[in-house]
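My notes follow in the order of looking.

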Amino acid sequence: MKRKNRKSLRLLLLLLMTAAVGLSGCMGEKRLWTEAVSGSEAAQSMENTLETEESTVQTALQGTEGKTGKETEKETENETEEKRTEEAVKETEKETAESQTEETENENSQKTKKDSGDMAGKSEVINWNPDWKYAENSRIHTGSATLYYTASSGAKGMTVCINAGHGTSGGFDVYTLCHPDGSPKVTGGSTAKGQTKAAAVSGGTTMDDGTPEAAVTLKLALVVKERLLEEGYNVLMIRENDDVQLDNIARTVIANQYADCHIALHYDSTESDKGTFYIGVPDEGGYRSMEPVASHWQDHERLGSALIDGMRQQGVKIFGDGSMDIDLTQTSYSTIPSVDLEIGDRASDYSEETLEKLAAGIAAGLNSF
């Protein structure tokens, strides 16, 4: 029984040695030698062999443990090094991506400057696009506007829409929605309060000397255009002759697409030479809560105030506090800073000298806007 137990123990030890250190060859030799010995000498030899085997196994296991520890430590070092390498690669890739992005941005910036430089002193015709926002509410839009690019070395990178009021043949007989949502006007004006539709383009008033308002606003618009181009502004001209087939909605929609701000020029129908003022945004009937007014009315007011301040600087006569709140089609559809600037009324002077002063006042207002 003892012999059988010892034999089992020996086999177990041999298996452990084989798995741990691959010493099967050595153990095989020891097993053959032990089986060849008989009697007490064999038993004694077996005992000695078992003791030797146990010692060898322990030594081997210790060696294996030490080797495994070193290997594990080395593997850990390798993993750490690989991780560091991975992180370094990622960091390099990140820096490369950032560098490429910066280069792309610089290229885009240079391209923009180049394109702007290429267009300096030139112009382009802006034709109607039915896909523009609110375009579906326009009824007269077969005409076109013209965008002029400044040749000034002090280009401001800003486009101003100058809209010479009136001047659309047949516009008084066509009607458009006062508001994009079809709601009624909250104030009176050329169209009564409560109306949902207004003339696409009214005929305007007549100056005391019999000159149509449309002719005077056009004359002023051309002077303002030249002054602004000299100041470094690009100018979007809605009308440059007696007639343009663009209704008030079309004019506003084009300005929304191509300009940074929109200034419509008008003269009031009174006869007191009242002075200049802008049409402000009424705070009644939920008008300031209606889009796009809700998102832009503060910009409209800021532009109007800046223009009046610029006029004051040039010694232009100002009516009251410089503003009068009226619900206008222009304001109702504008998505950029936009005002109707009433230059004066039927009794106001519109000589070349006065027009130059008014143009200087508009430029001064825009410079501070």
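I began with the strands and found that eight of them form an open sheet of mixed pairing, in the order S1-S2-S6-S3-S7-S10-S8-S9; strands here are DSSP E runs of at least two residues, and helices H or I runs of at least four, numbered from the N terminus, while two strands pair if DSSP finds at least two bridges between them. Strand S1 (123–126) and strand S9 (318–325) each have a single partner strand, so one side of each is left without a neighbour in the sheet.

This is a predicted model, in which local features need pLDDT of at least 70 and side-chain atom pairs count only at pLDDT 80 or more, whereas totals for chains, interfaces and linings use all residues. Residues are numbered from 1 along each chain as its sequence is written, and side-chain values use heavy atoms, with hydrogens and water left out.

I then followed strand S7 (residues 261–268), which runs parallel to strand S10 (residues 338–345) and is joined to S10 by six bridges; His262 has Ser338 as its bridge partner in S10.

I noted Gln330 as buried, with a relative accessible area of 9% (buried is under 20%, with a 1.4 Å probe and protein chains only).

Notes. Buried means under 20% relative accessible area, exposed over 50%, partly exposed in between (1.4 Å probe, protein chains only).
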